[in-house]
Amino acid sequence: MLNDAIIFLAAAVISVPLLQRLGFGSILGYLFAGILIGPWGLALIEDVVQVLKFSELGIVLLLFIIGLELTPNRLRLFRRSIFVLGGGQVLLCALPLLLIAEYLNLPHEQALVIAFGLALSSTAFAVQLLSEQRLLNTQAGRKAFSILLFQDLAVVPMLAVLPLLGGRLEHPFDWPGLGIALVTIVSLFIIGRPLINPLFRFIALTRSAEIFTAATLLFVFGLAAMVHSLGLSMALGAFLAGILLAESEYRHQIEAEIQPFRGLLMGLFFIAVGMSINTALLMTQPLLMLGIVILFMTLKALLIWLVSYRYTGHGENSLLIAGVLAQGGEFAFVIFGIAQSESLLPESTVETLILAVCLSMVLTPLCFRLFQQLARKSARPTTIDSLDVNEEEQSAPVIIAGFGRVGQIVGKVLAIKDIPYTAIDMHPEQIQLAAQQGHRILYGDPCKTELLRAAGAEKAELIVITLADPEESICAIEQILTHFPHLRMIARARNRQHVRQLIAYDIDFFTRETFESSLLMGEKALELLGFDSHQRREAIQDFRQQDTDQLLAPIRQLTRAEMESPK
């Protein structure tokens, strides 16, 4: 097991950065790593089936994240684009592919699975391309994202139907079993939704990040296993778990904790898919494979352009959407793999389809550049590069990291001037109190980049760090300087050592929590002892200067030592 783990890690560490530098993205890097170490490559690992079974946990977590993102606000914001544009794309692309499969005399179940699998696009690939080209927040980028979101949603019922389709080939349809499953799921939502926040609040009171992560994984995998025991897919159970937690106070921290596991397991899944790619098929039948890829990509791009143009009325934006979504998607691997395990598709057909999807991913950067050039030739600047203001999510200009007694006072000062803010705190009591008062507050660790991003750090102007723990404060500052350097920072200093660290990081402003109040009491003591205002101000000013000199002395000595160093 240790040797296999080393092989997987080494293949990923070598292949993924190399393919990314060449402009092909991380997914192709994982696929190439799988081809390299798999039975069709160096044959370092040959048990592809077991690796695929374990790596399906990555798909489970991916569906959980998708469910977690489906908050009512997001659905309300994109509802028309998601269901009209996204639904039209899936149906319009699947229908001709279904007719072609039927024309080739494939069984109805096989034709349906193939058509639907090829109609899907790669969310990871498309988002990466749009992000690299800075098109993600344009009208074209948002419409493409809406289509991808609908595709992700459409995968859920398809994964649930696959075992049923497989059963229909040999056994009568189990209507009572389906009824029991639906009643169980509905009951789970009715009973479980009110218990989610109290349950995670109880876990969060332990102040243990490890227990919080373990509880989240237990909830996801436990619900996935329960739904699977009812005859439905584990991915559907994970998706339902995400929906249950979508409105939870702890959603953003849950997402931040799950992301590393999801990323590793998804990488392992793509490596396993790469191991199962029959490269000999490309060598023996190159014209057939290229013909399949070019046919379904051309057909798909044309139909996506058509439905996008019908919906948006902008030909240039529609070209960008078509160019970025013409490839096959990662969920095609899942659907075809499950279809093979359910005896819906023969192994030879699955090998051909998986190879075709992989080749379409390889051709995607070239395809996108071609469509991008076509779009630029006919583009009006306002249609491609302008933001869709009506759909742009608003974010608060200020983030308060730490919502204890200091953070709450800062928030009240901002509220007096009607300045919106987003707070982050690790204490469940503060989360509950702030939620009752109507403030937007996220549960989690401000040191986590994903949580800062969820709080709107990319668009905010200022962050006020009121964390009591100096180590947590410095950790948050380092994350901000690395990932969000545009943010101005105000920090609360706990002690003198903390002050020196804040000075070294050159933040905009800091204040010591007891310093000013102590000076105020000292000045008042002098007043009661009979000193006039000039003498009091002079004493306070002298102390400030002495204290500042003492604070800066170690830093100045370090600077002189660095200047005198031979280096």
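Tutor: The second largest pocket has a volume of about 900 Å³. The model is a predicted one, and that volume is computed from it.

Student: Which residues lie nearest the centre of the second largest pocket, and how many residues line it?

Tutor: Its lining comprises 34 residues, and those nearest the centre are Leu52, Glu56, Gly337, Ile338 and Ser341. Two or more lining residues come from each of α3 (48-69), α7 (139-168), α10 (234-245), α11, α15 (330-341) and α16 (347-378). The largest share, 7 residues, is that of α3.

Student: What makes a space a cavity and not a pocket, and how many cavities of 30 Å³ or more are found?

Tutor: In a cavity a 1.4 Å probe fits but cannot get out, whereas a pocket is an open set of points. The search of the whole structure gives 1 cavity of 30 Å³ or more. The largest cavity holds about 50 Å³ of space, so it passes that cut-off of 30 Å³.

Student: Which residues line the largest cavity?

Tutor: The lining consists of Ile203, Ala204, Arg207, Ser208, Ala209, Phe212, Gln253, Glu257, Met426 and Tyr443. The elements contributing two or more of these residues are α8 (175-204), α9 (209-229) and α11 (251-276).

Student: Turning to the sheet, what is the order of its strands, and why are β3 and β6 called edge strands?

Tutor: The sheet is open, has 6 strands in the order β3-β2-β1-β4-β5-β6, and its pairing is parallel. β3 (440-443) and β6 (509-512) each have a single partner strand, so one side of each lacks a neighbour in the sheet. On average, neighbouring strands are turned by 15 degrees against each other, direction ignored.

Student: How do you know that β4 is paired with both β1 and β5?

Tutor: Two strands pair if there are at least two bridges between them. Strand β1 (residues 398-401) and β4 are joined in the parallel sense by 4 bridges, and β4 and β5 likewise pair in the parallel sense over 4 bridges. Valine 464 of β4 is the bridge partner of isoleucine 400, and in β5 the partner of valine 464 is isoleucine 490.

Student: What makes β5 and β6 a pair, and which helix lies across them?

Tutor: β5 (residues 488-493) and β6 run parallel and are joined by 4 bridges, which meets the threshold of at least two. Alanine 491, for example, has phenylalanine 510 in β6 as its bridge partner. Helix α22 (residues 496-505) lies across both strands and runs at about 165 degrees to β5.

Student: Are the two faces of β4 (residues 462-465) covered or uncovered?

Tutor: Both are covered: Leu462 and Val464 on one side, and Ile463 and Ile465 on the other, are all buried.

Student: Why is threonine 422 called buried?

Tutor: Buried means under 20% relative accessible area; threonine 422 has 1% relative accessibility and therefore counts as buried. This residue belongs to strand β2 (residues 421-425). Leaving aside residues up to four places away in sequence, threonine 422 touches Ala396, Val398, Ile399, Ile400, Arg440, Leu442 and Ala455.

Student: Are cysteine 93 and cysteine 358 buried or exposed, and how many disulfides are found?

Tutor: Cysteine 93 has a relative accessible area of 1% and cysteine 358 one of 6%. Each value is under 20%, so both residues are buried. The search of the whole structure finds 0 disulfides.

Terms used:
Residues numbered from 1 in each chain as written. Predicted model: local features only at pLDDT ≥ 70, side-chain atom pairs only at ≥ 80, totals over all residues. Heavy atoms only, no water. Axes fitted to C-alpha atoms, helices over the stretch in contact; angles between N-to-C directions. Contact = heavy atoms within 4.5 Å. Disulfide = S-S within 2.5 Å. Buried < 20%, exposed > 50% of the residue type's maximum accessible area, 1.4 Å probe, protein only. 1 Å grid on protein atoms, 1.4 Å probe; cavity = no way out; pocket = protein on both sides within 12 Å on 5 of 7 lines; lining within 4 Å. Points joined across faces, edges and corners; volume = space filled by probe spheres on them.
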